[in-house]
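Let's take a friendly walk through a protein structure and look at how its charged side chains pair up. Have the sequence and the 3D view ready as you read.

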Amino acid sequence: KYSVRTSSPLFLNQLYSGADPISIAGEFALAVTNTNAHTFEVSPAFSVIEQMVIENIGKKFGFDLVEGLTTPGGSVSNLYAMHLARYVADPDVKTRGAVHGPRLIALVSEDAHYSYAKAARVLGIGDNNLIKIPTRIDSGQMDTDILYSKLKEFHTNNTKVFFIGSTAGTTVRGSFDNLETIASISSNYNVWHHVDAAWGGAAIWSENKDTRALLRGVKNADSLAWNAHKLINVALPCAFFLTKRIGALEETNATHAPYLFQPEKQFREADFGDRTIMCGRKADSFKFWLYHIHYGDQGIAQRVDHCLRLARLAADYVANHSLLELVFPPSFANVCFRPKLPHLTADQLHQLPPLIKQHMHSKGDAMIGFQTHHATSVGNFFRLVITHGGSESLLTETQLTSMLDRIAQLALSLSSSGTTKKRTKGT
């Protein structure tokens, strides 16, 4: 009664939805065993499984060599990436600290996830040294010409660009940066290139070559974040950080606690604990391992492609609707739209999405997010994200188009009732 049923086909508010039952079984097994993934001796099976899963996911993304681990989510994966990149660029920081070292600059797109800002603060890089590169209005991609220009500008004797963070599937627009070009630029300047594919990484499983091509160049990245708990519905949390820099995790993070990581201990090399920032850690990779055994690559591909097909259907339906309009061209599983009511002012149209959401939420109808965006002046609009690819919570075409019709009708009725006009007079 007092919780949100994320397994509802009309829960379309976030980049995740209801948990797949196979992964729930995995979550149950983790709770029952109640062990810690920091050492092999207390988690032998889960340690072996995590290593296997990391290697298999790495191969899927084209990494010839890979190491990694599960993390609590994409934000922590991005923190790991920046943390490792900072150590590689300035190894003395581990003993000297951030003071008296070189000025380090990180470059990300203006549509990159906000976790980069948090990572920069945690690491002592600071907001002023996290430079946000403008995105292209048409595609939402990082402008690689400006990226290259900024890289040359900051790469001096007193300033070092140590990190470029690109995005595969931005949160609002679902845009994919040009990973191939960015990888080439970063390689030329010997800068760590990280790909935040927490949302869009699932595209690598698609059977559609154009969808897979969104990730062209990802194999050349130094590190990668991907969340299995997003598009393919593995139970929260199930997130992965991968890197091709073998040994970098342990070199950056190890403290060699003598009561845990004794060098004489059997299977010491299989311990994950010295690779991580934390000590205690759940063996979340087991959920994906169980899920992948059950569905296989083909099953994952079907789920991904089902979501993307519905997103295209929704975009086409909005584009041809008399009362709705697209705000951006659709990308990946994201569809950005708003009511189209020419008789309303811009301010009244801005008020409609939160009012519609509030009304639908209070009635137990669909739950869908809204926001503004710097690339458009339209004000608030809806961001529809399709994440229901599993049969247990399958979103149908009829449910989707009926929901869009209800949003349109609510927009019409709320505007006709004078709700937006009254709010406008009060502002």
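A residue is called buried when its relative accessible area is under 20%, exposed when it is over 50%, and partly exposed in between. Keep in mind that you are looking at a predicted model.

Side chains of opposite charge can pair when their charged atoms come close. How many salt bridges does a search of the whole structure find? The search turns up 18.

Start with Asp-20 and Arg-303, whose side chains form a salt bridge with an N to O distance of 2.9 Å. Asp-20 sits in the loop between strand S1 (11–12) and helix H1 (21–33), while Arg-303 belongs to helix H10 (residues 285–319), so this pair links distant parts of the chain, 283 residues apart. Is this pair buried or exposed? Both Asp-20 and Arg-303 are buried.

Now find Lys-287 and Glu-27, another salt bridge, with the closest N and O atoms 2.7 Å apart. Because Lys-287 lies in helix H10 and Glu-27 in helix H1, the pair ties together parts that are 260 residues apart in sequence. Lys-287 has a relative accessible area of 0%, so it counts as buried, whereas Glu-27, at 22%, is partly exposed. These two residues also belong to a network of salt bridges that includes Lys-282 and Asp-284.

Finally, turn to Arg-136 and Asp-138, whose side chains meet in a salt bridge at 3.1 Å, N to O. Here Arg-136 is partly exposed, with a relative accessible area of 39%, and Asp-138 is partly exposed too, at 48%.

Methods
Residues are numbered from 1 along each chain as its sequence is written. This is a predicted model: local features need pLDDT of at least 70, side-chain atom pairs count only at pLDDT 80 or more; totals for chains, interfaces and linings use all residues. Side-chain values use heavy atoms; hydrogens and water are left out. A salt bridge is a side-chain nitrogen of Lys or Arg within 4 Å of a carboxyl oxygen of Asp or Glu. Helices (H or I, at least four residues) and strands (E, at least two) are DSSP runs, numbered from the N terminus. Buried means under 20% relative accessible area, exposed over 50%, partly exposed in between (1.4 Å probe, protein chains only).
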